[in-house]
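Subject: Handover of a structure for your review

Dear colleague,

Please find below the structure that I am handing over to you. A summary of the findings follows it.

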Amino acid sequence: MSRTLKILRHGPLMTIQDGGRYGFRAFGVSTSGAIDRASHAIANALVGNDFEAAAIEFALAGGAIEADEDVMIAVTGGACRIEIDGQPVAPWESHILRKGQNLEIGALRGAVWGYLAISGGITTTPVLGSRSTHLRTGLGGLDGRKLAAGDVLPLGKPGDLELLALGLPYFRRPEPITVVPGPQDDYFDRETWATFTTGPFEVTASRDRMAMVLDGPPLTADKGHDIISDATVVGSIQVPGSGKPIVLSADGQTTGGYPKIATVASVDLARLAQMPSGQHFRFKAISADAAEELFIHDQKRLADALNSLCRPGDRRFWG
Amino acid sequence: MSNPPEISYPRIIRAGDRAVTVEFSNTIDETSNRLVLALDASLSTEPPAGLLETVPTYRSLTVIYDPQVVRGSVMATELMQRAALKGAADMGGRIFEFPIVYGGEHAADLDDLARKKELSVEDIIRLHLGAEYRVYMIGFSPGFAYLGGLPEILHTPRLAVPRQRIEAGAVGIGGKQSSINSLPGPSGWRFIGRTPAKLFDAKRDVPFLLVAGDRIRFRRIEADQAADLDQRAAKGDVIVREIAP
């Protein structure tokens, strides 16, 4: 029998996600993959996996799991209570989970999307080049669905059980959410644009892996709320007739017929997605060129953090 | 408010820091769509550095790139230069014959459509069968095909309240467009028939049957023939036939 992981108790939304499904947006296939790419990559790095290996993403709260062989695990995404056979352990570090031990992951505090990486990675069969789950179309993951208690997941061959921690921190900027205007910013007059960049907007509970619906001052497109359907991207901010913006996320549809007032800068996609429901924030517009600079810089910082793995000391960057 | 300046096409619009869109027009027409597909073909033949994915739609092409390799402004210049060549390549596409069953449980709107148009059901079927359809784009969900070419008399607005579940293979009408559903799901289109062909099957060697630019003709079959074809399709047979122009 090969190595497996068993879900003993599941959180509200647990799915298998890897680095994403690329090359099929022209065929209507969403990219999927981890909502918070950096946290997912760090979890994998901490257990010695490829950064894009398949791991478990959980929304709001984890659950309980066990493995039928000794493995390394790491939980990232936000702060939460983690226990191995009742003993508390820290997030953002790796730990050894012995065969048959019970790993309990509680509710995230101040974050929405958490990641559990297991050494060797989850090795369900890839679909269109990826193990990521796309729930709406039932692609990837475990039969294209959410994980549930009783599910048994195959694991790849782990490396050495050598505990790791990040030697360099990876922090996020506590500023307004940066956006690049367009592609249909010309559907909105100057006054509406001023409203958009003044806000404030609130993250509502209408959210999932496809999109987040925001509340705030209503936005009216003076050229109308229908366009000839064109391509969307992760981070597209659609404005339907209700005037309430919808931010497309990793599982968002590939085309759409609503005007898109702006696009969330890549560097801030995860920060927005990790905001708990009810949180208020503002948008700040920057040029595409400036957003590219931020992204390039951020990717360098992440790469530095991922390459800084060391034995865990007593330094704690993550509270 | 002052009048905005006339927009001249093609033009570049920005879709964030990892995508640029070339827009060829603001209408749904074959000429614009051919320009989109010609630019897409050019990028596929000679991909510029940093290009990751392209998404062709009715009248625009979105190019997703890696800003760590190429900056958006450089990509935009490259795209405009290629777009100016006007894509002499003829994107004739392939022609496929799709079997279709009219009526039955997956054609909830056929009778109603006939009443609305004051035509017989057979007239509706004849009109629908008589046309050749062009795939303008694939999108919304995996393999979902937006078709142009619906005879004007069959143009009908979508339902005010979408239905919760429409099966894969259902052939529908939404305004001026026609569609073939690729996966089960909610839809506000009006459905008149069903094809046993699966536009998308991840387990098949060819997961997606159609690309933008392809053409479709329908061949009428009866329910018992459809049952046989359903079985073949379930085993991974594409069942549609490519026919000579």
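The expected span of a helix is 1.5 Å times one less than its number of residues. Helices (H or I, at least four residues) and strands (E, at least two) are DSSP runs, numbered from the N terminus. On this basis the 19 residues of helix 4 of chain A (residues 288-306) should span 27 Å, and the end C-alpha atoms of this helix are 26 Å apart, which agrees.

Two remarks on conventions are in order. This is a predicted model, in which local features need pLDDT of at least 70 and side-chain atom pairs count only at pLDDT 80 or more, while totals for chains, interfaces and linings use all residues. Residues are numbered from 1 along each chain as its sequence is written, chains are lettered from A and ligands numbered from 1 in the order in which they are written, and side-chain values use heavy atoms, with hydrogens and water left out.

Chain A

Helix 4 of chain A has several buried residues, among them Ala288(A), Glu292(A), Phe295(A), Asp298(A) and Leu306(A). Here, buried means under 20% relative accessible area, exposed over 50%, and partly exposed in between (1.4 Å probe, protein chains only).

Chain A also contains an open sheet of 6 strands in the order 7-6-9-4-1-11, with antiparallel pairing; two strands pair if DSSP finds at least two bridges between them. Strand 7 (87-89) and strand 11 (152-154) of chain A stand at the edges with a single partner strand each, so one side of each has no neighbour in the sheet. Neighbouring strands of this sheet are turned by 30° against each other on average, direction ignored (axes are lines fitted to C-alpha atoms, for helices over the stretch in contact, and angles run from 0 to 180 degrees between N-to-C directions). Strand 1 (residues 4-9) of chain A is joined to strand 11 of chain A by 3 bridges, and the two run antiparallel. Within strand 11 of chain A, Val152(A) is the bridge partner of Lys6(A).

The domain assignment of chain A gives domain 1 (3-155) and domain 2 (177-302); such bounds come from an automatic or database domain assignment. Their C-alpha centres lie 27 Å apart. The contact (heavy atoms within 4.5 Å) takes 26 residues from domain 1 of chain A and 19 residues from domain 2 of chain A.

Chain B

All 8 of the 8 residues of strand 5 (residues 95-102) of chain B are buried. Both faces of this strand are covered, with Ile95(B) among the residues on one side and Phe96(B) among those on the other. Strand 5 of chain B pairs with strand 13 (residues 215-220) of chain B in the parallel sense over 6 bridges, and Phe98(B) stands opposite Phe218(B). With strand 12 (residues 190-194) of chain B, strand 5 of chain B pairs in the antiparallel sense over 2 bridges; there Tyr102(B) stands opposite Gly193(B).

Between the chains

The area buried between chain A and chain B is about 3400 Å², of which carbon and sulfur atoms give 60%. Buried area is the accessible area (1.4 Å probe) that two parts lose on being put together, summed over both. Phe27(A), Ile228(A) and Glu292(A) supply 20% of the area that chain A buries against chain B, more than any other three residues.

Yours sincerely
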